[in-house]
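The sequence and the structure are shown first.

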Amino acid sequence: MRGPRFDAAVVGSGPAGAVAAITLARAGARVALVDKSGFPRDKACGDLVGPRGVQLLTEVGLERPDVLSLGDMVVVGPTGGRALLPAVPGLAYPGQAWAIPRSRFDTELRHAALDAGAEEVTARVGALHAEASGSALLTLDGGGSVVADFVIGADGAASRVAESTGLVDHDRVLWGFAMRAYVEQHVELPYIAFWDPTPGRAFPGYGWLFPGPDGRANAGLGLGTGSDRRAGARATRQLDAFLDHLRSLGLLGATTEAPRDGRLGGWLKMGMVGTMPARGNVLLVGDAAGLVNPLQGEGIAQAMDSGRAAALAVIERPSEAASHYIAHLRRTHLRFQSATASVHAALVSSPRMVSLVGRLLTTPLVARAVGGGWGIYWNDLLDGSAPGGARRVAQIAHGAARVLTAPAPNRRWLSTAFDAALDQPRPVTLGSPTP
Ligand SMILES: Cc1cc2nc3c(=O)[nH]c(=O)nc-3n(C[C@H](O)[C@H](O)[C@H](O)COP(=O)(O)OP(=O)(O)OC[C@H]3O[C@@H](n4cnc5c(N)ncnc54)[C@H](O)[C@@H]3O)c2cc1C
């Protein structure tokens, strides 16, 4: 017995899925918004929405009065040196980020999608099958199904939709893992800290301490693991040692605890490498498409941007939605992601180099010279930035990264995959035919 029929099924109701569902429902489409979790649900995150995310929420009419607005950020080097990354408004985004716990943020976005007319389905999607009509049949764990003309896979880093449609090349994916805790402490500015657990050899990632709107701060530690996910557990094992490091820097109070029941870890899929973002009537968005920034782990803004772009492709160009969406990703995300994926891959395998770079960038002279451009470049804010010295520094960093990574395998994989996808749109392979 077939389940109800929809124009689109959005699988996953994080920021990517909620914005996709809002966009589709407002355009009059019949949308199922499927999530395995009941809401509110927690999500491992630093709880910061970057400037591009703030801009998108404003454009979509989802301004938030109850967030903590943040500006400048401080990066602390392995020996305690500091670099100020000033928040500068761009021409295309504001000079602020928002802090809001994900349990609240995601629940409110989901409500906005349901208010716009999306229909709520609480179930885990198990598999996708092709109907003779070309539609997709999504089977739900525990029984039941949903039929839809389009599927938007917004089901996070370990996407079932991507898996079920054969869109992932596992040997190529650039994985990261990060662990978050809440601490009862007021924190003035967001801090990023590079850390050498052994002097001269860096942890292959970084940690953070971010202010929160409710007086609690969010602290965490994350690392890159490449395609081998076994190293991810290191973030969990070493979180307490990193929190001690924050105490030794004076950023965390000597007696401030990070209770275990507030700790949560999660995977990050970065740099777009290893995942084809769309084929036929299946479009992957957000973490499912591997859109997390390989330099600093931000993914909410890209999730919402890709969710909106995929929905618009379905609404405006249904007969060529996949290639239209892929063209958007190529225009908007590919240049930054492909270069920084390769920079990331080179850095995580070189703890001595990361330690050296971290020390150099946080010496007072260098920090003053590059802080503005650093803030623009590594937050992927170059497009639409305001003219000036900081923008020029970011342009130099971007140019250098593009030149140095030109021969890198990740760059080659991405350009071959995107060229092939745009040249020859192929019908999707949705698991097995309808049972
Ligand atoms: C520790 C940590 C800290 C981070 N900090 C930041 C930060 O401060 N700022 C930032 O911008 N980014 C941060 N990120 C990245 C950010 O969390 C993600 O990029 C973002 O959540 C991606 O949104 P999404 O909608 O693509 O996926 P998600 O938010 O992961 O949502 C996916 C949804 O799909 C549902 N789902 C999964 N599988 C199924 C299934 N089979 N069937 C039905 N539903 C399913 C899940 O329940 C979930 O609700 C962090 C990540 C981690 C792990």
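Helices, of at least four residues, and strands, of at least two, are DSSP runs numbered from the N terminus. With this numbering, Gly12 falls in the loop between strand S1 (5–11) and H1. The model discussed here is a predicted one.

**The ligand and its surroundings**

The shell around the ligand holds 40 residues, of which Gly12, Gly14, Gly46, Gly286 and Gly299 come nearest. At least two residues of this shell are supplied by each of H1, strand S2 (31–35), strand S12 (174–183), strand S15 (217–226), strand S16 (264–270) and helix H6 (300–316). By residue class, the shell divides into 16 nonpolar, 14 polar and 10 charged residues.

Gly12 has 30 other C-beta atoms within 10 Å, and it is therefore buried. Leaving aside residues up to four places away in sequence, Gly12 touches Gly17, Asp35, Ala154, Asp155 and Gly156. Although Gly12 and Val285 are 273 residues apart in sequence, their C-alpha atoms are 9.9 Å apart in space.

Leu33, found in strand S2, is likewise buried, because 29 other C-beta atoms lie within 10 Å. When residues up to four places away in sequence are not counted, the residues that Leu33 touches include Val10, Ser13, Gly17 and Ala21, as well as Ala113, Ala118 and Val121. The C-alpha atoms of Leu33 and Tyr325, which are 292 residues apart along the chain, are separated by 20 Å.

Two packed helices are described by the angle between their axes and the distance between the axes. Both values are given below for two pairs.

| Helix pair | Angle | Axis distance |
|---|---|---|
| H1 (residues 15–26) and H3 (residues 102–115) | about 20° | 8 Å |
| H7 (residues 321–348) and H11 (residues 409–423) | about 170° | 9 Å |

Angles under 35 degrees count as roughly parallel, and H1 and H3 are therefore roughly parallel to each other. The crossing of H1 and H3 is left-handed. The contact is made by Pro15, Ala18, Val19, Ala21, Ile22 and Ala25 on the side of H1, and by Asp106, Leu109, Arg110, Ala112 and Ala113 on the side of H3. These contact residues of H1 and H3 divide into 9 nonpolar, no polar and 2 charged.

For the other pair, angles over 145 degrees count as roughly antiparallel, and H7 and H11 are therefore roughly antiparallel to each other. Ser323, Ile326, Ala327, Arg330, Leu334, Ser338, Ala341, Ser342 and Ala345 in H7 meet Asn410, Arg411, Leu414, Phe418, Ala421 and Leu422 in H11. The contact of H7 with H11 comprises 9 nonpolar, 4 polar and 2 charged residues.

**Backbone sites**

Most residues other than glycine have a negative phi, and most peptide bonds are trans. Phe39 and Pro40 are joined by a cis peptide bond, with omega about 5°, and Pro40 is found in the loop between S2 and strand S3 (48–49).

Asp47, found in the loop between S2 and S3, has a positive phi, near 70°. With 27 other C-beta atoms within 10 Å, Asp47 is buried. A positive phi, near 65°, also occurs at Met272, which lies in the loop between S16 and strand S17 (278–279). Met272 is buried, because 29 other C-beta atoms lie within 10 Å.

Note on methods. Residues numbered from 1 in each chain as written. Predicted model: local features only at pLDDT ≥ 70, side-chain atom pairs only at ≥ 80, totals over all residues. Axes fitted to C-alpha atoms, helices over the stretch in contact; angles between N-to-C directions. Parallel < 35°, antiparallel > 145°, perpendicular 65-115°, else oblique. Left-handed = near helix turned anticlockwise from the far one by under 90°. Contact = placed C-beta atoms within 7 Å. Nonpolar A, V, L, I, M, F, W, Y, C, P; charged D, E, K, R; others polar. Near = placed C-beta within 6 Å. Buried ≥ 20, exposed ≤ 12 C-beta atoms within 10 Å, placed from the backbone.
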